[in-house]
Amino acid sequence: MIAVQDLTKYYGLTPAISHLSFEVGKGEIVGFLGPNGAGKTTTLKILAGFLPPTSGKAQINGHDCVTDSLAVRRSLGYLPETAPLYTDLTTTQFLLFASRAKGVKRKEAQGEVDRVIKACDLGGVRHTLISSLSKGFRQRVGLAQALLNSPPLLILDEPTIGLDPAQIVEIRQLIKELSGDHTVILSSHILPEVSQLCQRVIIINKGQIVASDTPENLSRQLGQGSRLRVEVRGPVPEVTAALKGLPGVREVISQGEARYLVQAGNDLELRPEIARLVVSRGWDLLELQMQEFTLEEVFLNLVTEEES
């Protein structure tokens, strides 16, 4: 669906992105991550046909983003960080206007608007002025316009920014329901959101890709070891010392209330050893569980390494 090869963009003498290459397959939901100024929005604008690259190629659905930009735009729906809405129109009026701008035939426009209103649960506000809508409903209207004409690709730039927790859950669920029928590339600063929604993540820093894999694989490869959450009822100093004495254990952190975080080397299975140790000392083992490194920890690790 998306094929990017050696993509570079300069603003004057400053490179915003440099030699990016990646692919996104049909039906995937891919997270596009990076700190502020990393080049995320520049890349998305090139894919959407808003900016030409300085060099390199980007193709969407087989169409070149520079030489065949109109076909590219017909193949995608784009929701930028701030939804581009005409606030003096009602929801229906705006979506009718957007459908005509996207080339939907006049006789089919009302049916297409009804479809996206239903998909985005906007029935209760279809005749309400956009200026009167909450931030959450405005994001829904922005997503609805991106869905008009059933584009195979959706580009969503910070789709939940500024929403309250309930609205965030609603938009996340809506994006999940779009997978399969649409390919989605999602840019977000909310890393737990990316972990929940995306099958794969691409991390960019200083205009270059520093990682591309599933969140689970990145956690294993870049988490710098394994971690276990242990709850043992026993004397804290003795439990701590005993856990530290196990082969391969790097650190034991007491987290209060008989809870400990045990950090060990990569691919080291310590659970049987810990269970035997606790039983042999006559303590009570209340919990013993592997704890994955979060995407946020992996992200910070990668970005810090790149900066250093």
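Visitor: Is helix H1 (residues 40–47) mostly covered or mostly uncovered, and how many of its residues are buried?

Guide: Keep in mind that this is a predicted model. Buried here means under 20% relative accessible area. In H1, Lys40, Thr42, Thr43, Leu44, Ile46 and Leu47 are buried. Helix H1 is therefore mostly covered, since buried means under 20%, and the count of buried residues in its eight is six.

Visitor: Which residues have the most contacts inside the largest nonpolar core?

Guide: In soluble globular proteins, nonpolar side chains tend to be buried together. In this model the largest such core has 45 residues. Those with the most contacts inside this core are Leu33, Leu95 and Leu156.

Visitor: How many residues make up the other core, which lies apart from the largest one?

Guide: Among the members of this other core are Leu44, Leu47, Ile155 and Ile185. Two of these names, Leu44 and Leu47, are also buried residues of H1. The size of this core, in residues, is 25.

Visitor: Which residues does Leu95 touch, not counting those up to four places away in sequence?

Guide: Leu95 is one of the residues with the most contacts inside the largest nonpolar core. Its partners, with close sequence neighbours set aside, are Val113, Val116, Ile117, Val141, Ala144, Gln145 and Leu148.

Visitor: Is Glu112 buried or exposed?

Guide: Start with its place, which is in helix H4 (residues 106–119). Leaving out residues up to four places away in sequence, Glu112 touches Val104, Leu147, Leu148, Asn149 and Ser150. Because its relative accessible area is 13%, Glu112 is under the 20% limit and counts as buried.

Visitor: What is the phi of Asn149, one of the residues that Glu112 touches?

Guide: Asn149 sits in the loop between H5 and strand E7 (153–157), and at 37% relative accessibility this residue counts as partly exposed. Most residues other than glycine have a negative phi. Asn149 has a positive value, near 70°.

Visitor: Is Asp121 buried or exposed?

Guide: Asp121 also has a positive phi, about 55°, although it is not a glycine. Its place is in the loop between H4 and helix H5 (135–147). Since its relative accessible area is 54%, and the limit is over 50%, Asp121 is exposed.

Visitor: How far apart in space are Cys198 and Ile29, C-alpha to C-alpha?

Guide: Cys198 lies in the loop between helix H7 (191–197) and strand E9 (200–205), and it is buried, with a relative accessible area of 7%. Beyond its neighbours within four places in sequence, Cys198 is in contact with Ile29, Val30, Gly31, Leu186 and Pro215. Cys198 and Ile29 are 169 residues apart in sequence, but their distance in space is 4.9 Å.

Visitor: What share of the contacts between residues at least 6 apart in sequence join residues at least 24 apart?

Guide: The pair Cys198 and Ile29 gives one example to look at, being 169 residues apart in sequence. For the chain, the share of these contacts that join residues at least 24 apart is 68%.

Visitor: What separation do the C-alpha atoms of Asp213 and Ser131 have?

Guide: Asp213 lies in strand E10 (residues 208–213), and at 19% relative accessibility it counts as buried. Along the chain, Asp213 and Ser131 are 82 residues apart. Their C-alpha atoms are separated by 41 Å.

Visitor: What separation do the C-alpha atoms of Glu296 and Ser219 have?

Guide: Glu296 is found in helix H11 (residues 295–307), and its relative accessible area of 43% makes it partly exposed. Along the chain, Glu296 and Ser219 are 77 residues apart. Their C-alpha atoms are separated by 9.6 Å.

Visitor: How far apart are the C-alpha centres of domain 1 and domain 2?

Guide: The domain assignment gives domain 1 as 2–83 + 149–220 and domain 2 as 224–291. Along its principal axes, the C-alpha trace of the chain spans about 80 × 50 × 30 Å. The centres of the two domains lie apart by 41 Å.

Visitor: What percentage of the chain's residues count as buried?

Guide: The chain comes to eleven helices and 14 strands, and it exposes about 15,000 Å². Of its 308 residues, the buried share is 48%.

Methods:
Residues are numbered from 1 along each chain as its sequence is written. Side-chain values use heavy atoms; hydrogens and water are left out. A nonpolar core is a set of buried Ala, Val, Leu, Ile, Met, Phe, Trp, Tyr and Cys residues joined through side-chain atoms within 4.5 Å. Buried means under 20% relative accessible area, exposed over 50%, partly exposed in between (1.4 Å probe, protein chains only). Contact means heavy atoms within 4.5 Å. Helices (H or I, at least four residues) and strands (E, at least two) are DSSP runs, numbered from the N terminus. Accessible areas come from the Shrake-Rupley method with a 1.4 Å probe; for residues, only the protein chains shown count as cover. Domain bounds come from an automatic or database domain assignment.
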